[in-house]
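Subject: Structure handover

Hi,

Here is the structure for you to look through. My notes on it follow below.

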Amino acid sequence: MFQLIKRNARFRVFVLAQCVLNSAEAAGNVIIPLVVLDLTGSATLVSFVVVLEMVPYFVFHLPFGALLDRHDRKRLMILADFGRALLLLLVVIVHFLDGPVLIALFAVAVPFGTLASVSDAARSAIVPRLVEKTELEGAYGWTEATESVAWIAGPAIAGFTVATVGTVEALSLVSAFLAAFALAIFFVRIDAPVHVSSSKSSILRDIREGLSFFLRHTRLRTMQLIWTAYGAVGHGVVLGLVYVGSGGDASDALAASFAVSSYAAGSVLGTFCSGFLKLRTGIIPAWCLIVFSAGAMLIAQGGFHFLLTGAFLIGAGEGFLLVLYLSARASHTPDHLMARVVSASALFDKGAGMLAALWIGFSLSVVGGSATFLVIAGFGMALAFLAVALRSRLERRTGSPGP
């Protein structure tokens with residue numbers, strides 16, 4: 001794993017550039033909820049903003065995947081992230097003009113999500129072009145570990161920036177980071193595809209080809225089911241951490257940012273260990289979910305130390321599980337289908353994320369943080385049993401260990 005980052009210069013540049021992007025996204029995931037909480041005090045409205053950003057995935061992500069398999073993934077990713085930077089800058093400008101900031105946030109949520117859809121699909125599909133197939137676990141270990149490092153720095157920077165210059169003004173930081181990533185990725189050389197879709201084939205046919213491969217592949221389908229089921233719970237955890245840490249408003253932005261940073265620190269450990277150990281088989285996914293549940297139970301106890309420790313455990317369990325999922329998906333998918341398979345996976349992921357944001361936002365508003373995290377812990381344990389059952393079923397059908 002260390003040799004990969006040492007000898008592969010273009011992958012090293014890509015990882016460093018992605019760290020900048022992840023810092024932007026991590027900071028944004030703290031600052032945007034704090035902006036809405038500061039303006040309204042409503043966790044439900046925070047979840048609505050999150051859901052609006054996810055909507056474009058369901059409309060555009062599959063066509064985007066087919067287009068990315070035909071065209072230059074790098075160029076489209078650069079344009080998408082420059083676009084995201086401009087949209088956030090527009091919100092800041094509205095604020096300085098004493099305009100309706102909340103309306104501006106809702107207005108840019110859908111186009112912002114649309115551009116994020118392009119960027120996410122392109123970024124995930126590019127990684128297999130930068131490394132050998134035998135190096136995928138290490139590659140995803142590095143990309144996800146550095147993402148987690150960015151999630152330590154990003155929320156901390158966001159918290160200090162909000163405390164120093166204000167919530168809306170802090171969005172300019174996210175905008176600058178997104179633009180810096182787009183500029184940095186320009187210098188990464190991406191190999192030309194070995195195979196591309198025929199220009200004579202229709203987009204619908206390309207989409208159908210990708211979906212057919214994805215749905216017929218037993219191991220891909222099984223790992224996707226586990227990850228999607230997790231997402232319906234885990235993808236809303238950051239919202240919960242921000243809410244619990246801040247006390248339900250923007251009065252303690254630093255505590256909220258420290259909670260998210262602790263979650264990211266756990267993810268660094270989980271992703272790095274998963275990439276280094278290269279464990280794909282056995283009941284490892286179930287153990288990841290058990291660690292996740294233990295973290296949620298600690299947060300439910302209340303108290304700042306329990307919050308930080310629980311967030312760390314949640315991040316560790318999630319990080320290990322994520323690398324298992326990404327490496328299994330990439331190792332079983334040919335390059336010419338990669339963007340389409342990534343896009344199909346993202347639909348499930350975003351659907352799970354939308355569900356998580358809605359029910360966790362509602363639960364936080366109705367029963368509070370402790371009860372919500374108790375429910376999250378219970379779901380995590382149920383998913384651990386599901387992971388064991390799916391592994392046993394896959395072994396009976398294929399005669400070999402599951403993913």
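Helices here are DSSP runs of H or I with at least four residues, strands are runs of E with at least two, and both are numbered from the N terminus. The model is predicted, so local features need pLDDT of at least 70, side-chain atom pairs count only at pLDDT 80 or more, and totals for chains, interfaces and linings use all residues. Residues are numbered from 1 along each chain as its sequence is written, and side-chain values use heavy atoms, with hydrogens and water left out.

**Overall**

The protein has 15 helices and zero strands. It has 403 residues, and 57% of them count as buried. Buried means under 20% relative accessible area, exposed means over 50%, and partly exposed is in between, with a 1.4 Å probe and protein chains only. The accessible surface is about 15,900 Å². Carbon and sulfur atoms hold 69% of that surface. Areas come from the Shrake-Rupley method with a 1.4 Å probe, and for residues only the protein chains shown count as cover.

Now the contacts, meaning heavy atoms within 4.5 Å. Take those between residues at least 6 apart in sequence: 85% of them join residues at least 24 apart.

**Helix 10**

Helix 10 covers residues 237–246 and is mostly covered. Nine of its 10 residues are buried. Among them are Val-238, Leu-239, Leu-241 and Tyr-243. Gly-247 follows helix 10 and has a positive phi, near 75°.

Val-237 is found in this helix. Its relative accessibility is 0%, so Val-237 counts as buried. Leaving out residues up to four places away in sequence, Val-237 touches Phe-292, Ile-314, Ile-360 and Phe-373. The C-alpha atoms of Val-237 and Val-260 are separated by 9.2 Å, and the two residues are 23 apart along the chain.

**Helix 8 against helix 14**

Helix 8 (residues 203–216) packs on helix 14 (residues 338–367) at an angle of about 70°. The axes are 9 Å apart. Axes are lines fitted to C-alpha atoms, for helices over the stretch in contact, and angles run from 0 to 180 degrees between N-to-C directions. The two helices are therefore roughly perpendicular to each other. The cut-offs are under 35 degrees for roughly parallel, over 145 for roughly antiparallel, 65 to 115 for roughly perpendicular, and oblique for the rest.

Which residues meet? Helix 8 brings Asp-206, Ile-207, Glu-209, Gly-210, Leu-211, Phe-213 and Phe-214, and helix 14 brings Arg-340, Val-341, Ala-344, Ser-345 and Phe-348. By class, this contact of helix 8 with helix 14 has seven nonpolar, two polar and three charged residues. Nonpolar here is Ala, Val, Leu, Ile, Met, Phe, Trp, Tyr, Cys and Pro; charged is Asp, Glu, Lys and Arg; polar is the others, Gly among them.

**Aromatic pairs**

How many aromatic pairs are there in the whole structure? The search finds four. Rings of Phe, Tyr and Trp (its six-membered ring) pair if their centres lie within 6.5 Å; planes under 30 degrees apart are stacked, over 60 edge-to-face, and the rest tilted.

Trp-227 and Tyr-325 have ring centres 5.4 Å apart and planes at 15°, so the pair is stacked. The pair links distant parts of the chain: Trp-227 is in helix 9 (residues 218–234), Tyr-325 is in helix 13 (residues 304–331), and they are 98 residues apart. Trp-227 is buried at 5% relative accessibility. Tyr-325 is buried at 2%.

Trp-359 and Phe-379 have ring centres 5.5 Å apart and planes at 70°, so this pair is edge-to-face. Trp-359 sits in helix 14 and Phe-379 in helix 15 (residues 369–398), 20 residues apart. Trp-359 is buried, at 19% relative accessible area. Phe-379 is partly exposed, at 39%.

Trp-227, Tyr-230, Phe-292 and Tyr-325 form one aromatic cluster.

**Two more residues**

Ser-175 is in helix 7 (residues 171–185). It is buried, with a relative accessible area of 7%. Beyond residues up to four places away in sequence, Ser-175 touches Ala-85, Leu-86, Leu-88 and Leu-89.

Val-291 lies in helix 12 (residues 284–300). Is it buried or partly exposed? Val-291 is partly exposed, with a relative accessible area of 30%.

Best wishes
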